[in-house]
Amino acid sequence: MGIVRPGDMGFDVVHLNLHKTFATPHGGGGPGSGPIGVKERLLPFLPDPHVEKQGDKYVWAKSAKSIGKVHAFHGNFGVIVRAYAYILTMGAAGLRQTSEDAVLNANYCKKCCRKLLIRLLTDSACMNVC
(Lines give C-alpha, C1' and ligand atoms only; values in the text may rest on other atoms or scores of the structure.)
Protein backbone atom coordinates (compact mmCIF):
# COMPACT_ATOMS: atom_id res chain seq x y z
CA MET A 1 0.00 0.00 0.00
CA GLY A 2 1.68 3.11 -1.22
CA ILE A 3 5.04 1.47 -1.87
CA VAL A 4 4.83 -0.53 -5.10
CA ARG A 5 2.56 -0.56 -8.13
CA PRO A 6 1.86 -4.14 -9.23
CA GLY A 7 1.46 -3.10 -12.87
CA ASP A 8 5.03 -1.75 -12.86
CA MET A 9 6.18 -5.15 -11.58
CA GLY A 10 4.65 -6.93 -14.57
CA PHE A 11 1.31 -8.06 -13.13
CA ASP A 12 -1.68 -7.93 -15.48
CA VAL A 13 -4.26 -8.79 -12.80
CA VAL A 14 -4.19 -8.31 -9.02
CA HIS A 15 -6.85 -9.27 -6.47
CA LEU A 16 -6.79 -7.54 -3.09
CA ASN A 17 -8.04 -9.61 -0.18
CA LEU A 18 -9.70 -6.89 1.91
CA HIS A 19 -9.66 -8.98 5.08
CA LYS A 20 -5.88 -9.25 4.91
CA THR A 21 -5.04 -5.70 3.96
CA PHE A 22 -7.68 -3.31 5.24
CA ALA A 23 -8.63 -4.56 8.71
CA THR A 24 -11.84 -6.21 7.55
CA PRO A 25 -13.01 -9.30 9.46
CA HIS A 26 -12.62 -12.53 7.56
CA GLY A 27 -15.99 -13.68 6.30
CA GLY A 28 -18.20 -11.13 8.02
CA GLY A 29 -21.25 -13.39 7.77
CA GLY A 30 -20.89 -14.02 4.07
CA PRO A 31 -18.39 -14.31 1.27
CA GLY A 32 -15.31 -12.16 1.33
CA SER A 33 -14.88 -9.45 -1.22
CA GLY A 34 -12.19 -7.44 -2.85
CA PRO A 35 -11.37 -5.34 -5.86
CA ILE A 36 -9.52 -6.74 -8.83
CA GLY A 37 -7.13 -4.39 -10.59
CA VAL A 38 -6.35 -5.07 -14.24
CA LYS A 39 -4.30 -3.50 -16.98
CA GLU A 40 -6.33 -1.29 -19.30
CA ARG A 41 -5.94 -3.69 -22.22
CA LEU A 42 -7.97 -6.31 -20.30
CA LEU A 43 -10.98 -4.06 -19.59
CA PRO A 44 -13.08 -5.27 -22.59
CA PHE A 45 -12.92 -8.87 -21.29
CA LEU A 46 -14.03 -8.27 -17.70
CA PRO A 47 -17.34 -9.63 -16.43
CA ASP A 48 -20.48 -7.60 -17.04
CA PRO A 49 -22.27 -5.58 -16.01
CA HIS A 50 -19.68 -2.94 -15.15
CA VAL A 51 -19.97 0.71 -14.19
CA GLU A 52 -19.11 3.46 -16.67
CA LYS A 53 -19.22 7.21 -16.36
CA GLN A 54 -21.31 8.84 -19.09
CA GLY A 55 -21.24 12.60 -18.77
CA ASP A 56 -21.89 13.38 -15.11
CA LYS A 57 -23.71 10.07 -14.40
CA TYR A 58 -22.64 6.53 -13.66
CA VAL A 59 -24.48 3.77 -15.52
CA TRP A 60 -24.44 -0.02 -15.90
CA ALA A 61 -22.74 -0.99 -19.15
CA LYS A 62 -21.80 -4.13 -21.10
CA SER A 63 -18.84 -4.97 -23.31
CA ALA A 64 -19.12 -6.98 -26.53
CA LYS A 65 -15.99 -8.98 -25.59
CA SER A 66 -16.97 -9.61 -21.94
CA ILE A 67 -16.79 -13.10 -20.48
CA GLY A 68 -20.33 -12.46 -19.20
CA LYS A 69 -21.84 -12.20 -15.76
CA VAL A 70 -20.11 -13.68 -12.74
CA HIS A 71 -22.36 -15.05 -9.99
CA ALA A 72 -22.37 -12.29 -7.35
CA PHE A 73 -20.99 -9.28 -9.13
CA HIS A 74 -21.83 -6.82 -6.33
CA GLY A 75 -19.63 -8.64 -3.82
CA ASN A 76 -20.04 -8.39 -0.06
CA PHE A 77 -20.95 -4.72 0.37
CA GLY A 78 -20.26 -4.60 4.12
CA VAL A 79 -16.70 -5.83 3.64
CA ILE A 80 -16.07 -3.20 0.98
CA VAL A 81 -17.52 -0.35 3.09
CA ARG A 82 -15.37 -1.30 6.09
CA ALA A 83 -12.25 -1.34 3.95
CA TYR A 84 -13.18 2.01 2.38
CA ALA A 85 -13.68 3.56 5.84
CA TYR A 86 -10.27 2.19 6.91
CA ILE A 87 -8.61 3.70 3.82
CA LEU A 88 -10.25 7.09 4.41
CA THR A 89 -9.29 7.03 8.10
CA MET A 90 -5.65 6.11 7.47
CA GLY A 91 -5.02 8.33 4.46
CA ALA A 92 -2.14 7.84 2.02
CA ALA A 93 0.59 8.44 4.60
CA GLY A 94 -1.03 6.12 7.13
CA LEU A 95 -1.44 3.32 4.58
CA ARG A 96 2.21 3.59 3.59
CA GLN A 97 3.30 3.58 7.25
CA THR A 98 1.15 0.50 7.88
CA SER A 99 2.89 -1.28 5.00
CA GLU A 100 6.32 -0.34 6.25
CA ASP A 101 5.43 -1.49 9.78
CA ALA A 102 4.12 -4.81 8.46
CA VAL A 103 7.37 -5.49 6.58
CA LEU A 104 9.42 -4.55 9.65
CA ASN A 105 7.30 -6.78 11.91
CA ALA A 106 7.49 -9.73 9.51
CA ASN A 107 11.29 -9.47 9.33
CA TYR A 108 11.52 -9.17 13.12
CA CYS A 109 9.38 -12.30 13.60
CA LYS A 110 11.44 -14.15 10.99
CA LYS A 111 14.65 -13.25 12.81
CA CYS A 112 13.24 -14.29 16.20
CA CYS A 113 11.90 -17.58 14.88
CA ARG A 114 14.86 -18.48 12.69
CA LYS A 115 16.81 -20.45 15.33
CA LEU A 116 13.69 -22.29 16.47
CA LEU A 117 12.68 -23.14 12.90
CA ILE A 118 16.15 -24.36 11.98
CA ARG A 119 16.24 -26.58 15.09
CA LEU A 120 12.76 -27.98 14.42
CA LEU A 121 13.47 -28.68 10.77
CA THR A 122 16.81 -30.36 11.40
CA ASP A 123 15.89 -32.26 14.59
CA SER A 124 12.45 -33.49 13.57
CA ALA A 125 10.64 -35.02 10.66
CA CYS A 126 8.38 -32.54 8.88
CA MET A 127 5.25 -34.40 9.97
CA ASN A 128 6.24 -33.83 13.62
CA VAL A 129 6.73 -30.10 13.04
CA CYS A 130 3.40 -29.52 11.37
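**Figure 1. Overview of the predicted chain.** The accessible surface of the chain comes to about 10300 Å², and 62% of that surface belongs to carbon and sulfur atoms. The model is predicted. Three helices and four strands make up the elements of the chain. Read from the N terminus, their order is β-α-β-β-β-α-α. The chain has 130 residues, and 11% of them count as buried. Take the contacts between residues at least 6 apart in sequence: 41% of these join residues at least 24 apart.

**Figure 2. The largest nonpolar core.** Six residues form this core. They are Leu18, Phe22, Val79, Ala83, Tyr86 and Leu95. Helix α2 supplies the largest share, four residues. That helix spans residues 77-123.

**Figure 3. The second largest pocket.** The volume of this pocket is about 420 Å³. Its lining counts 19 residues. Nearest the centre lie Met1, Val4, Pro6, Val14 and Leu16. Two elements, β1 (13-15) and β2 (36-38), each give two or more residues to the lining. Strand β2 provides the largest share, with three residues. By residue class, the lining divides into 13 nonpolar, four polar and two charged.

Figure 4. Lys39 sits in the loop between β2 and β3, the latter covering residues 50-54. Because its relative accessible area is 30%, Lys39 is partly exposed; the class runs between the 20% and 50% limits. Beyond its neighbours within four places in sequence, Lys39 is in contact with Gly7, Phe11 and Asp12. Pro6 is 33 residues away from Lys39 in sequence. In space, the C-alpha atoms of Lys39 and Pro6 are 9.9 Å apart. Pro6 is also one of the residues nearest the centre of the second largest pocket.

**Figure 5. The cis peptide bond between Asp48 and Pro49.** Most peptide bonds are trans. The bond that joins Asp48 and Pro49 is cis. Its omega is about -5 degrees. Pro49 belongs to the loop between β2 and β3, the loop that also holds Lys39. Asp48 is touched by Lys62 and by Ser66.

**Figure 6. Lys62, in the loop between β4 and α2.** Lys62 is placed in the loop that connects β4 (57-61) with α2 (77-123). Is Lys62 buried or exposed? Lys62 counts as exposed, because its relative accessibility is 70% and the limit for that class is over 50%. Setting aside residues up to four places away in sequence, Lys62 touches Asp48 and His50. Val51 is 11 residues from Lys62 in sequence, and the two C-alpha atoms lie 8.6 Å apart.

**Figure 7. Ser66, in the loop between β4 and α2.** Ser66 also has its place in the loop between β4 and α2. Why does Ser66 count as buried? Its relative accessibility is 18%, and buried means under 20%. Which residues does Ser66 touch, not counting residues up to four places away in sequence? They are Pro44, Phe45, Leu46, Pro47 and Asp48.

Note on methods:
Residues numbered from 1 in each chain as written. Predicted model: local features only at pLDDT ≥ 70, side-chain atom pairs only at ≥ 80, totals over all residues. Heavy atoms only, no water. 1 Å grid on protein atoms, 1.4 Å probe; cavity = no way out; pocket = protein on both sides within 12 Å on 5 of 7 lines; lining within 4 Å. Points joined across faces, edges and corners; volume = space filled by probe spheres on them. Nonpolar A, V, L, I, M, F, W, Y, C, P; charged D, E, K, R; others polar. Buried < 20%, exposed > 50% of the residue type's maximum accessible area, 1.4 Å probe, protein only. Contact = heavy atoms within 4.5 Å. Core = buried A, V, L, I, M, F, W, Y, C linked by side-chain atoms within 4.5 Å. Areas by Shrake-Rupley, 256 points an atom, 1.4 Å probe, with all protein chains shown as cover.
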